[in-house]
Structures are given as structure tokens and as C-alpha cells.
Amino acid sequence: MNRTVTPPAPIPTGLRGRCPACGEGHLFRGFLAVRPACEVCGQDFSRFDSADGPAFFVMSITGFVVAGTALWMEFTFEPPIWVHAAVAGTLAIGLSLLLVRPLKGVLAAVQFANKAEQGRFRS
């Protein structure tokens with residue numbers, strides 16, 4: 001009997017850092033290093049290349065939150081500049097570290113789900 005295996009949904013799978021093919025194995029071997037292959041199903045991860053995608057989304061989200069918080073603080077409390085620096089620095093570093101791994105996982109899972117490949121010119 002032939003059984004078709006449906007891959008898991010890419011966004012929740014990527015957010016959890018799991019294999020986009022089976023949803024069970026780990027995608028990362030360190031904080032951001034992608035494993036060569038899934039330890040459960042053997043899916044090859046070498047073709048996953050998120051490039052600067054995670055960094056772009058992290059900078060966009062973090063910048064929006066930090067700028068919004070700085071404006072809110074300024075108009076509500078008018079704190080000294082050192083308070084702005086402390087809050088903005090903490091938010092920027094904390095959000096960046098919190099967001100980069102899940103976003104890299106999501107981009108890898110979406111690449112797998114859409115069968116993304118390197119672009120080639122026809123000759």
C-alpha cells in the first residue's frame with residue numbers, strides 16, 4: 001500500500017527549529033548552524049540557504065519596536081538620553097537574539113515547502 005506523507009506546516013515547524021520534511025528532527029546543531037541532515041528522516045539540509053533573509057526581518061521588526069518604544073517613552077515620560085540608550089540597547093540586542101533563530105528556521109522551512117532552488121540562466 002502506498003502511503004503519501006504530508007510534510008508539516010512550514011511556519012510552526014520553522015519556528016520550533018524542526019526538520020521541514022518530517023517535523024521531528026532538529027534543524028539546528030548550534031544557535032544558528034544548520035545541521036547537514038535530519039537525524040530522524042535523513043533529509044539533506046545542505047541546500048537550505050537563507051542568506052540575509054533572517055537579518056532583514058530581524059532588523060525590520062526590531063527597528064520598528066525600538067523606534068516605537070523610544071517615541072512613546074519620549075512623549076510620555078521625557079526621560080534623559082541615558083535611559084533611551086539603555087532601553088534601546090537592551091531591546092535591540094534582546095529582540096535580535098530572540099528573533100534570529102526562529103526566523104531562520106521559518107525561511108528554511110518555507111524554502112523546503114516551496115521547493116526553492118538556485119536561479120539559473122538558460123544557455
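Analyst: Start with a cut-off. Buried means under 20% relative accessible area, exposed over 50%, and partly exposed in between. Keep in mind that this is a predicted model.

User: Is isoleucine 61 buried, partly exposed or exposed?

Analyst: Isoleucine 61 sits in helix H2. Its relative accessible area is 37%, so it counts as partly exposed. Isoleucine 61 also belongs to a nonpolar surface patch, together with Phe56, Phe57, Met59, Phe64 and Val65. That patch covers about 630 Å².

User: Why does threonine 62 count as buried?

Analyst: Threonine 62 is in helix H2 too. Its relative accessibility is 6%, and therefore it counts as buried. Beyond its neighbours within four places in sequence, threonine 62 contacts Leu91, Ala92, Leu95, Ser96 and Leu99.

User: Which residues of H2 are buried, and what covers them?

Analyst: First the general idea. An α-helix has 3.6 residues a turn, so residues three or four places apart point the same way. Now the case here. The buried residues of H2 are Gly53, Pro54, Val58, Thr62, Val66 and Met73. Their cover includes helix H3, residues 81–113.

User: What follows H2?

Analyst: Glutamate 78 does, and its phi is positive, near 50°.

Key
Residues numbered from 1 in each chain as written. Predicted model: local features only at pLDDT ≥ 70, side-chain atom pairs only at ≥ 80, totals over all residues. Heavy atoms only, no water. Buried < 20%, exposed > 50% of the residue type's maximum accessible area, 1.4 Å probe, protein only. Helix = DSSP H or I, 4+ residues; strand = E, 2+ residues; numbered from the N terminus. Contact = heavy atoms within 4.5 Å. Patch = residues over 30% accessible without salt bridge, like charges linked within 9 Å, V, L, I, M, F, W, Y side chains within 5 Å. Areas by Shrake-Rupley, 256 points an atom, 1.4 Å probe, with all protein chains shown as cover. Salt bridge = Lys/Arg side-chain N within 4 Å of Asp/Glu carboxyl O.
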